[in-house]
Amino acid sequence: MPDPRAALAAVAEEIARLRSDYLAGLPGQLKELTSLAAGLTGEKTDAQALDRLHRGLHKLAGSGGTFGMKALSDQARLLEQTAKNWVADGSAPADAAKRTAFAADIRALPTVPDDVATPPATEPVYPLPKVSARAIRVWLVDDDVSLGQELAQLMGQFGYEVRLFTRVADVEAASTVDRPDVLILDVMFSDEGINATEAMLVRPLLRALSCPLLFISADGNFGSRVRAARAGAAGFLLKPVDVPRLVERIERIFDDRQAAPYRVMIVDDDVVLAEHYRLVLTGAGIEVEVLNQPGLVIERAAAFRPELMLMDMHMPDYAGPELATVIRQHEEWLSMPIVYLSSETDLDRQIEALGRGADDFLSKPISDARLTATVRVRVSRSRQLADLVAKDSLTGLLKHSRIKEEIATELARSRRNGKPMSVVMVDIDHFKRVNDTYGHAPGDRVIKAVAHLLKQRLRKTDGIGRYGGEEFAIALPECDATMARGIMEDICRRFAALRFVHAGSEFSCTLSAGIATSNAGDDEGGTALLAFADKALYLAKNGGRNRVCVSGDEK
Amino acid sequence: MSQLQRILYVEDEPDIRAVAKLALEMVGGFTVKICESGEIALREGADFEPDLILLDVMMPGIDGPTTLKGLREMPALAQVPAVFMTAKVRPAEVAHYKSLGALDVLPKPFDPMTLASQVRAIWDLHSA
């Protein structure tokens, strides 16, 4: 057995050699990416260059840190996100300033390792999320200026880029040059004599915006609600608007849009028909695999991992229900929806078939729209179920045990790289009072609002968990006490500015936070760090709440 | 579950290939076969009889998920545990890759000194 220390030294030496090769090639790579970026025009012809930029930046993001260049990884990741958004848009933005800034950012990517680089003093130390992902652009249309401004300001706390309009005509004018990610419309515009739910149906410029649509209204009469539904609105909220609820609605729209495509397997011996279904579903953005030999269903399912199976009832060698029973014998496929497709019209036989492993029955011939809708609804529901198992159901944050693991992992990492990390405990002030006064539903909305705000203000690399009822734990890697205090004070301020609405009355809440930061020398574990953060939280509570304390403040 | 010894690693980027091979072979003591592309993995992967498959997600040509799907269609590799490596680790994406049949997702950039122990930890969790 060779001396382990000598072996490690040999490894370190070898890594150093690879690293110097990597560093040597870096300026050339950056030069190539910079010139690609400089060549962007804002036209459709950008597509190829953008694809190469996206890949190149992705590569740097994934490799830099391995060679001791974490700053390169982090910055490349932000730029990768921009490139990815532009790829999705089909071209770089028409605004030349944005393109120039992008190229300049690439040119400025670090080419020397973190430990010898001098940190630029003017750069913000802590990149806020709005830099990392393009902010969601909201157009808010309300003829009540002061109300609109207040709403815009509150939504700004959540990182949205809000553009305020007071007239429907102004929106139509703006729609010819720009478009939002979400449109929020008041219903009544008395000056213009417009009811927005009607306007949405008849005004072509508004319809052409084709973005998610939400209505806000002082009056929730049935007629308006039905018209809103007809106009394809994703929501209808009553005034006074509960901003956290509005935010939750918007988040849900975008969560759905960023999700990976659904995967459906079609088992049908009729090759032509199966091909037709495949085309219909593929056209709806669903990934499809067709299986014409039912005997291979288990093998092929293991490879394709379908989230739903569409199955013909009558195939030459196997009946659908037999196949469904075999599939259900495999534990991992117990929860996958199976839907029969058949020309069987005998209701009794349909019911019998459902009794044996399947979830639904569609009769051939089936309209394309119905097929797509059935598949979508079933898969989306089964995804929701899977999510429930993995995450805290109310907030979508990590569960108690997972955040503790996360803190331990980050602490170990911080020991290795010698950079401090901070652990934060956050608690909602007087939460019991909220529950007692307004009930549990508003209480839950307050908890969700904290979760949304934390997710939006913290970095992707930060771990956020729901620690207990109204208590949250956060891991902030590479973040010292001063930085952590700044971040948490900002979050507390933003949270205190939020208004919640219940039964016509408004209330607001505050947060207290306790921070503990690891020191290079000490060997306390994650549990100890959490205990220190908890003590600091106690200090913040005793000091009058709505404040942030750092472990050691008491001295 | 047997011991983890043979790892098939699919990665298009030469720099990362070199340092990962080092990390897995010298630090971890594994036997590693590296494939420069999904195509090569599909051609040569089964003969190597790996205990575990590591795959980069974003590769030109056949990407990681498609490669895994192809490998899963080979009887010899249908059950071999797989782990993705990627620079993107949003929780939703991790869930997505796991739903494709991967045991776990390792974030990039990785630390060469701890990569082997991370891989081993995933393996132990899987076999437990």
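Trainee: What should I know before I start?
Mentor: This is a predicted model: local features need pLDDT of at least 70, side-chain atom pairs count only at pLDDT 80 or more, and totals for chains, interfaces and linings use all residues. Residues are numbered from 1 along each chain as its sequence is written, with chains lettered from A and ligands numbered from 1 in the order in which they are written.

Trainee: OK, the sheet. What's the strand order in chain A's open sheet of five strands?
Mentor: The order is β2-β1-β3-β6-β7 (chain A), and the pairing is parallel. Strands here are DSSP runs of E, at least two residues, and helices are runs of H or I, at least four, both numbered from the N terminus. Two strands pair if DSSP finds at least two bridges between them.

Trainee: Which strands sit at the edges?
Mentor: β2 (161-165) and β7 (235-238) of chain A, each pairing on one side only. Neighbouring strands in this sheet are turned by 20 degrees against each other on average, direction ignored. Axes are lines fitted to C-alpha atoms, for helices over the stretch in contact, and angles run from 0 to 180 degrees between N-to-C directions.

Trainee: How many bridges join β1 to β3 in chain A?
Mentor: Four, between β1 (residues 137-141) and β3 (residues 182-186) of chain A. Val141(A) has Leu185(A) in β3(A) as its bridge partner.

Trainee: Which helix lies across β1 and β2 of chain A?
Mentor: Helix α6 (residues 145-156) of chain A, running at about 170 degrees to β2(A).

Trainee: Now β6 of chain A. Why is it largely enclosed?
Mentor: Because five of the five residues of β6 (residues 213-217) of chain A are buried. Buried means 20 or more other C-beta atoms within 10 Å of a residue's own; 12 or fewer is exposed, in between is partly exposed, and C-beta atoms are placed from the backbone.

Trainee: Which way do the β6(A) residues point?
Mentor: Leu213(A), Phe215(A) and Ser217(A) go one way, Leu214(A) and Ile216(A) the other.

Trainee: And what are the partners of β6(A)?
Mentor: β3(A) pairs with β6(A) in the parallel sense over four bridges, and Ile184(A) stands opposite Leu214(A). β6(A) and β7(A) also pair parallel over four bridges. There, Phe215(A) has Phe236(A) as its bridge partner.

Trainee: Different spot. Is Val339(A) buried or partly exposed?
Mentor: Partly exposed, because it has 18 C-beta neighbours inside 10 Å. Val339(A) lies in strand β11 (residues 338-342) of chain A.

Trainee: How far is Val339(A) from Leu308(A)?
Mentor: They are 31 residues apart in sequence and 7.7 Å apart in space, C-alpha to C-alpha. The two are in contact, meaning that their C-beta atoms, placed from the backbone, lie within 7 Å. Leaving aside neighbours within four places in sequence, the contacts of Val339(A) also include Asp360(A) and Arg378(A).

Trainee: What about the pair α18 and α19 in chain A?
Mentor: Helix α18 (residues 431-438) and helix α19 (residues 440-457) of chain A pack at about 145 degrees, with axes 7 Å apart. Among the residues that meet are Phe431(A) and Tyr438(A) in α18(A), and Pro442(A) and Val446(A) in α19(A).

Trainee: Last one. What pattern does chain B follow?
Mentor: Along the sequence, β-α-β-α-β-α-β-α-β-α. That chain has five helices and five strands. Of the 128 residues of chain B, 42% count as buried.
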